[in-house]
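Biologist: I am new to this structure and would like to learn how to read it. Please show it first.

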Amino acid sequence: MRKSKFVKLKLRHASFISRALLSTRHPVLAHLIPMRRCNLACGYCNEYDHTSSPVPLDIIKRRLDKLADLGTSIVTISGGEPMMHPELDDIIHHIRKRGMIAGLISNGYYFTPERIKRLNKAGLEHLQISIDNVEPDVVSRKSLRVLDKKLRYLSEYADFHVNINSVIGGGIKSPEDALAVARRAVELKFSTTVGVIHDNDGTLKPLTSIEKEIFQQVKKLGNKDHARLNWFQDSIAEGKPYQWRCRAGARYLYVCEDGLVHWCSQQRGYPGIPLERNIRLRSGVRLLVRCNAYTRSGY
Ligand code: SF4
């Protein structure tokens with residue numbers, strides 16, 4: 001990412017953060033799903049299918065307009081695999097046109113130099129790729145070996161911020177792979193984070209002692225801001241319950257492919273209100289919904 005663009009993005013973030021602190025009456029982050037279909041089938045995932053069609057662009061634009069009217073700061077496009085949506089560039093362009101920060105979460109498989117240049121042009125600002133292991137296995141094919149070439153393309157051509165997330169837990173066989181992934185991210189000058197993942201029923205299990213040790217090592221290599229914000233993961237790593245002060249439905253909205261607002265990806269169906277109905281946001285200050293203390297909210 002060019003230095004001038006990085007500084008501009010940081011300034012935009014600062015302005016959004018001050019606005020979020022000054023007023024709690026608008027969502028800070030919305031996850032929007034334009035495509036439930038995925039090209040992969042990770043063993044811990046309950047967020048994909050192999051059959052659904054992309055949501056048409058005009059419908060997505062209407063949802064984005066509604067999010068913008070609610071005062072949303074950041075829209076992160078997620079899936080399934082959103083890079084399979086044929087009009088992803090137009091979606092990103094529309095997010096930017098409506099003055100919101102445009103982010104994308106992808107499994108990384110579809111990045112080519114040409115595709116990255118199109119995303120630059122569309123105005124993408126953030127990309128997150130989650131890499132689960134070094135070698136593909138039965139649980140996950142989001143593997144460093146498979147994706148390294150894509151990471152090199154991103155390092156060379158992307159004019160947006162790239163974060164590589166490594167994961168621990170959820171049945172991932174070799175926890176030390178998270179360290180290899182984080183080191184490669186740092187080498188390519190990306191930021192890096194580590195997440196404790198749930199299994200396919202959405203539940204987090206305490207980490208083993210080796211997993212805990214690696215978790216701490218990876219955190220040291222990573223993004224300090226994220227480590228500060230994600231301190232709740234330390235409780236989860238220790239297997240301790242964490243009493244959420246969940247902002248879902250107020251500062252955070254999860255909008256599925258049917259245009260329904262849910263608390264988060266793991267609480268789909270609740271409350272499941274159409275975004276386009278005149279939804280009333282819950283208070284952003286008080287406790288809104290208490291997640292199961294062992295269930296993670298969102299990504
Ligand atoms: S984790 Fe991501 S890449 Fe894997 S199946 Fe789920 S949506 Fe697809």
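Modeller: What follows goes from the whole chain to the sheet, the helices, some backbone details and the ligand. The model is predicted, so local features need pLDDT of at least 70 and side-chain atom pairs count only at pLDDT 80 or more, while totals for chains, interfaces and linings use all residues. Residues are numbered from 1 along each chain as its sequence is written.

Biologist: How many helices and strands are in the chain?

Modeller: Helices (H or I, at least four residues) and strands (E, at least two) are DSSP runs, numbered from the N terminus. The chain has nine helices and nine strands.

Biologist: What percentage of the residues count as buried?

Modeller: A residue is buried if 20 or more other C-beta atoms lie within 10 Å of its own, exposed if 12 or fewer, and partly exposed in between, with C-beta atoms placed from the backbone. Of the 299 residues of the chain, 40% are buried by that count. Contacts are another way to look at the chain: two residues are in contact if their C-beta atoms, placed from the backbone, lie within 7 Å. Among contacts with a separation of 6 or more, 74% come from residues 24 or more positions apart.

Biologist: In which order do the strands lie in the sheet?

Modeller: Two strands pair if DSSP finds at least two bridges between them. Here nine strands make an open sheet with mixed pairing, ordered β6-β5-β4-β3-β2-β1-β7-β8-β9. The edges are β6 (191-197) and β9 (271-274); each has a single partner strand, so one side of each has no neighbour in the sheet. From one strand to the next, the twist averages 25°.

Biologist: Where do the side chains of β3 point?

Modeller: In a regular strand the side chains alternate between the two faces of the sheet. In β3, I101, G103 and I105 point one way, A102, L104 and S106 point the other way, and all are buried. Strand β3 (residues 101-106) is largely enclosed by the rest of the structure, because six of its six residues are buried. β5 is also largely enclosed, since seven of its nine residues are buried.

Biologist: How should I read two packed helices?

Modeller: Two packed helices are described by the angle between their axes and the distance between the axes. Axes are lines fitted to C-alpha atoms, for helices over the stretch in contact, and angles run from 0 to 180 degrees between N-to-C directions. The axes of α6 and α7 come within 9 Å and cross at roughly 5°. Angles under 35 degrees count as roughly parallel, over 145 as roughly antiparallel, 65 to 115 as roughly perpendicular and the rest as oblique. α6 and α7 are therefore roughly parallel to each other. In their contact, A178, L179, A182, R183 and V186 of α6 meet I214, Q217, V218 and L221 of α7.

Biologist: Where does E213 lie, and is it exposed or partly exposed?

Modeller: E213 lies in helix α7. With 14 other C-beta atoms within 10 Å, E213 is partly exposed. Its C-alpha atom is separated by 9.5 Å from that of P175, 38 residues apart along the chain.

Biologist: Which backbone details deserve a look?

Modeller: Most residues other than glycine have a negative phi, and most peptide bonds are trans. The peptide bond from G79 to G80 is cis, with omega near 15°, and G80 is in the loop between β2 (74-77) and α3 (88-97). Another cis peptide bond joins Y270 and P271, with omega about -10°; P271 is in strand β9. K189, in the loop between α6 (177-187) and β6, has a positive phi near 65°. K189 counts as exposed, with 9 C-beta neighbours inside 10 Å.

Biologist: Which residues are around the ligand?

Modeller: A residue is near a molecule if its C-beta atom, placed from the backbone, lies within 6 Å of it. The residues around the ligand are C38, L40, A41, C42, C45, E47, Y48, G79, G80, E81, N107 and K142.
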